[in-house]
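Let's take a look together at how two chains meet in this model, and then at one residue in its setting. Here is the structure to keep in view as you read.

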Amino acid sequence: MVIRQSTRLFLFVLVVVSMILAGCAQPATPAATQAPAATEAPAVTEAPSVTEAPAATEAPAERKVATFIWTQEFDTLNPYYTNMWFSSVTQQLYNCWAWDFDEANKPQPRLVTELPSVDNGGLSADGKVITMKLRDDIVWSDGTPITSEDFVFTYQMIMADRNTVASRNPYDLMEKVEGPDARTVVITFKEPYAPWVANLWRGLLPVHVLKPIFDQEGTIDTAEWNKAPTVGCGPFVFDQWESGSFTRFVANEKYWLGRPKLDEIFFRFVPDDASQIAALKAGDGDLGTFFAYSDLPELEAAGIKIINSFSGYNEGIYFNMHAEKGHPALKDVKVRQAIALAFDRQKLVDDLLLGRTKVAATDWDNTPYNDPSISPWPYDPEKAKALLDEAGWVDSNGDGVRDKDGVELVLKYGTTTREIRQDTQAVAQQQLAEVGIKLDLQSFDPDIFFASYAENGASANFSLDLIEYSDSPNFPDPDTSAWLCAEIPSDENPTGVNTSGLCDEELDALFKLQASQVDYNERVQTFNKITKMIFENVYWLGLWQDPDLFGVSSRLANVKISGVTPFFNIMEWDLAQ
Amino acid sequence: MESIAPPSKGSIANLSPDVLETPPLSLGQLTWRRFRRHKMANFGAIMLILLVLYAFGGAFVFSEAYANKTETGARLQAPSREHPFGTDTVGRDILARTIYGGQISILIGLTAMLVELVIGVTVGAISGFFGGLIDSLLMRITEAVIVIPQIFLLLVMAKYFAASIPNITILGRTFSGSVVVIILVIGVTTWPYLARIVRSQFLSIKENDFILAARATGTSTSEIIFRHILPNSIAPIIVSGTLSVASAITLEAYISFLGLGVRPPTATWGNMLEGAYNYIETAWWLWFFPGALIALIVLSINFVGDGLRDALDPHSRAI
Amino acid sequence: MTRYILRRLLQAIPLLFVISLVLFFLMQNMGDPIATMGGRNVTRSADRERLKRQLGLDKPIIVQYLYWLAGNDWAKADLDGDGIAETPGTRRGVLRGDFGLSLVNKKPVTQVIWERLPNTLLLMLTAEAMILIFALLIGIYSALKQYSTFDNIITTVTFLFYSMPVFFFALVTMYIFAVNFKKWGLPYLPTVGMFEPTAGKTPLQVAWHMVLPTATLSFGFIAGYSRYIRSAMLEAMGQDYVRTAKAKGLPKPEIVYIHALKNAALPIVTIIALDLPFLLGGAIVTERIFGWPGMGRLFLDHVSRGDTPVVMGILMMIAVAVVIFQLIADILYAWLDPRIRYT
């Protein structure tokens, strides 16, 4: 009897107590470690009371450690093997570009003594030969000097058949790359190449580390250096990468521009935005990116500074204007203009994006290449209705949707599953219904949406009439191949990138012209014409300008963000005490 | 001798045997009686009826256009008199959306259960009855479907069908074709468990004498299966079917949470939870109401299923 | 028995082949690994064509499957784009132990999986232990005190937990123990990752971070299993041999644990054995919510990038584990229950 009662009491208490204490146990006090014992693995209860990292208690002075919160983990740390923004951006820490870009997106020399130009002999008159003079003091983090051999090797690696690099652009347009002496690199292009400032030498591969591997394996795909680039040329050196959790970089003592002020930088990988924001608000992280606009007020309330860094991206709608596969209505410029006038994008930006950005006019907004007279189409539904009537689209059967020659004005509007895009679609559907246009909304997984024509990707197979996504030319260069007739995807050309299927001969000629214009002013003139043409014909309808949003805690000082190379001045960053 | 008195007139002994026995109860009546005594099952049944009324009856209070009406100026408002459940990220009323979402969620649950039932019972019956090579083959196929992780199958099917889904209009309501996709996906990934149960039932029942007798009298195979064996194994099928409605609704919520479910603007309780995760602190009403409704309906179905299991169990001592 | 085991194993081999074929084909629908390669822009046409050639993605699916299975060092590929296949491949194929390289980060698949497997095992085995302990305790106690207040409360609570979707439970617990505890100034539980990078991977950090994910994983199973144990125990306690034991005057604990529980536990053992292999897949939803660096997150990340080698590696690992564990479950059942005999 007595045993039974105490057994019952014991069981009951154990169950209840352990359930409650599962939430409340304090880790540091030894007495409380009894409680976690009931709920956690038995092996763990004997933890010592020291919970601080060894570094914090051993170093005499407090080490300056910053933590960045990344919502995606890098796939690789080799600059030429990845397309991931989260990886390319981190390169500023441990790798080096020949020149990078400051917060006004102007190039500034890094490995070279000065930027090649016609005046200093760096650029040949015909625009085909570029000569770079390297600095004397540049070294890898293990002390080996950086020479032209590294540049030549990088070029060879990108072009090697066995290396599955992400992109060979623009190296496949080069005829040769030579290093006549250790301080000079000479690049010869097959044709004059205008966008060279933006696209060359976005990262350097160390010949003394990778060449032996290449000679032995025949490829550098599997080199250890790709995941652990312990030899680097940036202000910080790679230290550790724990898969799925974090990556650690420490200051490069041998950096030729001076040792950075911070000692260590951690990159923590979190699964999604909500945890990123929680970490920033709690002070567990010092920097985060890519927030939803609706999160900005609460971040700012927690003392996080928001920096808008324009990197060339604008969210907009491409119209399907394919000669055979497009909707007949969209071939008429009046219909496209009506759509632009019927959609109140300013209100969308004010309500959904909290007014923190602007409506986009063309994909070249915020660059000097945009025609200055362009400003976004206003909201004028009456004019839209008038234009549609003029174009012959009227509601002849009274079902609320306009039609012409028996074809209903029903357009398929597709985009990816991101929340802001779903919301935009819902608003567009409602507003366009008011002028008699019916929108059929569809949303897709990003991989399916961006798959090529050959893979039946939704954005490339001309099954949609309105295709929305965020696009950018080769910022900071205005060049893009999205409007070339030759890039229209088809069975013969399955990987083309012209998703609107438009072939406008005049526009095509202008694009071909600008790619060869090495003179800056001539190029700006050409682009003024291009942007005006795209805008007036509403080949592309701008929704909003899409800057990169960086959230920086008040602990970090001297932070400047560039649109092209965000962390260009990371050696100046400091912890404000 | 005097103490043993002869039975007097009108006492029990005078009544004939026919009057003594109560008429036998049918299976349905017996089940209902036992079910009624199960307190929790009754509670579950009442809750279920209330939820169904909420979802389908609510359609008379709010129109579907209202449920889909966006008003970006009124986004993310906390519950108030005008919007008792608050508004979502584009200003749609959450109460109305839970009503219409409930219709779709319940529809998905029931239809997926039917798909699962049809496939599972067919495979299990054929496998259990015929045995031998057919049994081996079908069981290997069943194992194969079990081995492939359900999430993976869900992901693949959701992506495969995601490419081109037209909108469907039934009974005046238009919704995204991805509803049909989800129903198929759930049905195709959950039938193996039912098939195994049905198979083991068939394996044991077909050894009985009355089946031997039926065969001896020349009853056709299909008649044996449908008129003799199946009715006797109906109990676990009913229980399994009931519980699978709950798991179908939960599964739909999972798929939507991962972003592969029914596409907005068609609402389901599951896809209302999809984006709400980011607003855990700032807008709790986004995830709380749909989540609580899912929990409630699954809870009530589980109660009812549990009650049915006890009621249909011939060994039960509840009566 | 040995013959039975051998026969099952032999039967399993064609099954695994068929499964691998089916899975491989299904993976082709998961999206194009070269579409954006995780980037913000669509890959250029020239690069797309080149990468397809280099990675062998331009071959027909059945040929790709063959290369995956048997390697491609006996076949030649055209790597330099001139249309002539002259370079032999380097892969030895799954049958020789080479699972290939990840399409995403070019690491060997075995290495990619091995980096995450211990994290998942840690979480899962702990959760499984918790599930067993609590389900047994609650189930036995509920059975012993049938229809008491304790039993009724527990029944209601278990039903509630059993009915909640996992992520709803996670949200609620996060809301209470992380967000609100923080607001009220109480010590709060972390919600992301396995440990704080600045503090290092100490056992204490890991344990502290494991609390919420483990609780989320186990609550549903505890609820389900405890009900199962409860009804099995009730059935066992109603048997004649228990009545005999009571009549003989044996002490209650002995009756409960040695006589009744052993017989009630039989089906539980097999259920656990059948659930174990799915632990290897990681609890996808839980790991995603809590950012736990395990197999579930690995699976999701690589599936969304269309990384066939890694996903096939994970899936085949699970498939083999399921087949083996099903066999173990059957053997265990036969060993524990002397009434069952396999030919």
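Chain A and chain C bury about 6,400 Å² between them, with 57% of it on carbon and sulfur atoms; buried area here is the accessible area (1.4 Å probe) that two parts lose on being put together, summed over both. Arg268(A), Asp447(A) and Thr495(A) supply 9% of the area that chain A buries against chain C, more than any other three residues. This is a predicted model, in which local features need pLDDT of at least 70 and side-chain atom pairs count only at pLDDT 80 or more, while totals for chains, interfaces and linings use all residues. Residues are numbered from 1 along each chain as its sequence is written, chains are lettered from A and ligands numbered from 1 in the order in which they are written, and side-chain values use heavy atoms, with hydrogens and water left out.

The contact (heavy atoms within 4.5 Å) can be summed up as follows:

| Item, chain A and chain C | Value |
|---|---|
| Residues from chain A | 72 residues |
| Residues from chain C | 67 residues |
| Salt bridges | 2 salt bridges |

A salt bridge puts a side-chain nitrogen of Lys or Arg within 4 Å of a carboxyl oxygen of Asp or Glu. Arg116(C) and Glu73(A) form one through their side chains, at 3.1 Å, N to O.

Now for Gly285(A): is this residue buried or exposed? Gly285(A) counts as buried because its relative accessibility is 2%, and buried means under 20% (1.4 Å probe, protein chains only). Beyond its neighbours within four places in sequence, Gly285(A) is in contact with Thr67(A), Ile69(A), Ala279(A), Leu280(A) and Ser553(A).

Note on methods:
Buried means under 20% relative accessible area, exposed over 50%, partly exposed in between (1.4 Å probe, protein chains only).
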